[in-house]
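Please look through the sequence and the three-dimensional structure shown here.

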Amino acid sequence: MDIDPATLTARDRHLLLTALVVPRPIGWISTLDASGRPNLAPYSFFNLVASSPPTLFVSIGQRGDGPKDTLANLRATGELVVNVVSDHLTAAMNASSVESGPGHDEFAFAGLEAAPSAVVRPPRVAVARAHLEARVVDEVAVTDDDGVARNHVVFARIVHVHVDDAIITPPHRIDMAALAPVARLAGTAYARFGEVFSVPRPAVPEGEG
Ligand SMILES: Cc1cc2nc3c(=O)[nH]c(=O)nc-3n(C[C@H](O)[C@H](O)[C@H](O)COP(=O)(O)O)c2cc1C
């Protein structure tokens, strides 16, 4: 089947494309609003952009005509924490995705304790096994044919990393089975950590290169 994505409804296009770009990591993002109230929400249009400089992005859709709380908070304060979602945190992560207005504390709603961060002001999800503290460096609007920005991509520099000692192999390697990351597929589907296999990089054949 050949599909022109422009001919699909927004929902069908979303379900098709998010089922083909898989698995997506989940950035479980804590922020503070301008008056210091905490906010927590998951975002799977999320990834690492570079390790030097250590940079991540998150792409945030509009809610109606306005920004989601995470985007409003990032614009107001410029700081975030990405809490890594291990499989025992899936239900709490999902609870924190509730579509609520500004000032609704998803830490409390999802029954999660907050812990202070090291160098940024937003708190961490205490029970998460790893956290990336970050500061916003750029924002890019993703504009539709009608000129309306439907999503905003925020880039942020990672300025501090926490890793639970129990999942780290010194000096800085991560025990993936212990991290037990959860990934997003399409709709309500998720994937757990599976088999790991190693593939050595190819060498240039003799006489070439
Ligand atoms: C696993 C998961 C991934 C999500 N990924 C995104 C995303 O990448 N972009 C987005 O705009 N919304 C995404 N959402 C929806 C937001 O989490 C939801 O709109 C939330 O209420 C936003 O909260 P906020 O207004 O506190 O930022 C996702 C939801 C779930 C459950």
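**A guided reading of the model**

In the hairpin formed by β5 and β6, 2 residues lie between the strands, and G64 takes a positive phi near 60 degrees. Strands (E, at least two residues) and helices (H or I, at least four) are DSSP runs, numbered from the N terminus. Two strands are said to pair if DSSP finds at least two bridges between them. The model is predicted: local features need pLDDT of at least 70, side-chain atom pairs count only at pLDDT 80 or more, and totals for chains, interfaces and linings use all residues. Residues are numbered from 1 along each chain as its sequence is written.

Strand β5 has several partners that can be followed in turn. β5 and strand β6 (residues 66-67) run antiparallel and are joined by 2 bridges, with Q62 opposite P67 in β6. With strand β4 (residues 46-51), β5 pairs in the antiparallel sense over 5 bridges. A hairpin of 2 residues connects β4 to β5, and S51 stands opposite P54 in β5. β5 also pairs with β11, again in the antiparallel sense, over 7 bridges; there, F57 has F155 in β11 as its bridge partner. Strands of a sheet pair through backbone hydrogen bonds, either parallel or antiparallel.

An open sheet is found elsewhere in the list of strands: 3 strands follow the order β1-β14-β15, with antiparallel pairing. Its edge strands are β1 (24-25) and β15 (190-192), each of which pairs on one side only. Between β1 and strand β14 (residues 182-184) there are 2 bridges in the antiparallel sense, and R24 has R184 in β14 as its bridge partner.

The next topic is the interior. A residue is buried if 20 or more other C-beta atoms lie within 10 Å of its own, exposed if 12 or fewer, and partly exposed in between, with C-beta atoms placed from the backbone. Of the 209 residues of the protein, 25% count as buried. A nonpolar core is a set of buried Ala, Val, Leu, Ile, Met, Phe, Trp, Tyr and Cys residues joined through C-beta atoms within 7 Å. The largest such core has 30 residues, of which W28, I29, L56, V58, L80, V82 and V85 touch the most other members. Among the elements that give two or more residues to this core are β2 (27-32), β5 (54-63), α2 (69-77) and β11 (149-163). Residues are in contact if their C-beta atoms, placed from the backbone, lie within 7 Å. Leaving aside residues up to four places away in sequence, V82 touches G27, W28, I29, L56, H131, L132 and A134. In soluble globular proteins, nonpolar side chains tend to be buried together.

Which residues are closest to the ligand? They are A41, F45, G61, D69 and T70, among 18 residues that surround the ligand, where a residue is near if its C-beta atom, placed from the backbone, lies within 6 Å. β3, β5 and α2 each supply at least two residues of this shell, and β3 gives the largest share, 4 residues.

Finally, consider the whole protein. Its secondary structure comes to 5 helices and 15 strands. The radius of gyration, taken over C-alpha atoms, is 19 Å, close to the 17 Å that the globule rule gives for 209 residues, so the protein is as compact as a globular protein of that length. The globule rule is 2.2 Å times the number of residues to the power 0.38.

Key: Contact = placed C-beta atoms within 7 Å.
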